[in-house]
Amino acid sequence: METFKSTIFSILILAIFGGAIYWSITTMQSGSGFVADQRIKQLKVENENLKKELKNSTVEPAIVVSVQPDPVSVAPVDVKPQTENKPVVTPTTYKYQSLINEIQSLINKNITLKLKVTGTSVGTLQKFLNVYNKTSNKIDNDYGKSSQTLVIAFQKSQSLTANGEVNVTTFKKMIDWLKKQN
């Protein structure tokens, strides 16, 4: 009978230890998880405090700072008069505005592209040629014979000197053509 009691007692102790081990493993949290939970709780408290502060305070007018925009990344604007003689400025955004901005950047840098040139400037040209020719040729940033042939065709269609070299004049015609695509 004594062995029976000790066996039952041993089973009971093992069950308690097993349950404790199971509980500790299933409720265990990593250190980074614990830190993240604590940070979330802290931010919630700070958020509530800021909400209370905002309710109890008056809002001061903001200071307006005028910054001159980069001419490359800004589209032309139409100015329309408002009823109080104050103009409302609405930017004109073209369908291919980002491509227009890229080409304008090449004009500003006085870039000239010709056969065997490589780089992102050629990639911009190839994007334009894909739009112009309604194709989806690979943009490989390499001005090869196929790019030259497409440029010459564009130059001829725009009554430009068809030499395959892309300079400021050709870039400007590209921008004009893109603006008409809206």
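Is Asn-130 buried or exposed? In this predicted model, Asn-130 is buried, with a relative accessible area of 12%, and since buried means under 20%, that value places the residue in the buried class. Asn-130 belongs to helix 4, which runs over residues 120–133, and a polar atom of its side chain lies 2.8 Å from the backbone oxygen of Asn-137. Setting aside residues up to four places away in sequence, Asn-130 touches Thr-135, Ser-136, Asn-137 and Ile-139.

Of its 182 residues, 21% count as buried, while the chain exposes about 13,800 Å², of which carbon and sulfur atoms supply 59%. When contacts between residues at least 6 apart in sequence are considered, 44% of them join residues at least 24 apart.

The next topic is the interior. In soluble globular proteins, nonpolar side chains tend to be buried together. Here the largest nonpolar core has 21 residues, and those touching the most other members are Ile-103, Leu-125, Phe-128, Val-166, Phe-171, Met-174 and Leu-178. The elements that give two or more residues to this core are helix 3 (97–108), helix 4, helix 5 (145–157) and helix 6 (168–179). Met-174 shows how such contacts reach across the sequence, for, leaving aside its neighbours within four places, it is in contact with Ile-103, Leu-125, Phe-128, Phe-154 and Val-166.

Helix 3 can be taken up in more detail. Helix 3 has 12 residues and reaches 16 Å from its first C-alpha to its last, close to the 16 Å expected at 1.5 Å a residue. Its buried residues are Gln-97, Leu-99, Ile-100, Asn-101, Ile-103, Ser-105, Leu-106 and Ile-107, and they pack against helix 4 and helix 6. Just after helix 3, Asn-110 takes a positive phi of about 55°.

The loop between helix 3 and helix 4 holds Leu-113, which is buried, with a relative accessible area of 2%. Beyond residues up to four places away in sequence, Leu-113 touches Ser-121, Val-122, Leu-125, Tyr-143, Gly-164, Glu-165, Val-166 and Phe-171. Leu-113 and Asn-167 are 54 residues apart in sequence, yet their C-alpha atoms are 6.6 Å apart in space.

Between helix 4 and helix 5 lies another loop, in which Lys-134 has its place. The phi of Lys-134 is near 55°, a positive value in a residue other than glycine, and at 79% relative accessibility Lys-134 counts as exposed. Asn-141 is found in the loop between helix 4 and helix 5 as well; its phi is positive, at about 60°, although it is not a glycine, and with a relative accessible area of 26% Asn-141 is partly exposed.

Helix 5 has 13 residues and reaches 18 Å from its first C-alpha to its last, close to the 18 Å expected at 1.5 Å a residue. Ser-147, Gln-148, Val-151, Phe-154 and Gln-155 are its buried residues; seen down the axis of helix 5, they fall within an arc of 125°, so they line one face of the helix. An α-helix has 3.6 residues a turn, so residues three or four places apart point the same way. On the other side of helix 5, Lys-145, Ser-146, Thr-149 and Lys-156 are exposed, whereas the buried residues of helix 5 pack against helix 4 and helix 6. Just after helix 5, Ser-159 takes a positive phi of about 60°.

At its start, a side-chain oxygen of Asn-167 reaches to within 3.2 Å of the backbone nitrogen of Thr-169. Helix 6 has 12 residues and reaches 17 Å from its first C-alpha to its last, close to the 16 Å expected at 1.5 Å a residue. The buried residues of helix 6 are Thr-170, Phe-171, Met-174, Ile-175, Trp-177 and Leu-178; seen down the helix axis, they fall within an arc of 160°, so they line one face of the helix. What covers these buried residues includes helix 3, helix 4 and helix 5.

Technical notes:
Residues are numbered from 1 along each chain as its sequence is written. This is a predicted model: local features need pLDDT of at least 70, side-chain atom pairs count only at pLDDT 80 or more; totals for chains, interfaces and linings use all residues. Side-chain values use heavy atoms; hydrogens and water are left out. Helices (H or I, at least four residues) and strands (E, at least two) are DSSP runs, numbered from the N terminus. Buried means under 20% relative accessible area, exposed over 50%, partly exposed in between (1.4 Å probe, protein chains only). A polar contact is a pair of N or O atoms within 3.5 Å; within protein, one must be able to donate a hydrogen and the other to accept it, and residues adjacent in sequence count only if both atoms are side-chain atoms. Contact means heavy atoms within 4.5 Å. A nonpolar core is a set of buried Ala, Val, Leu, Ile, Met, Phe, Trp, Tyr and Cys residues joined through side-chain atoms within 4.5 Å. Accessible areas come from the Shrake-Rupley method with a 1.4 Å probe; for residues, only the protein chains shown count as cover. The expected span of a helix is 1.5 Å times one less than its number of residues. The arc is that of the directions from the helix axis to the C-beta atoms.
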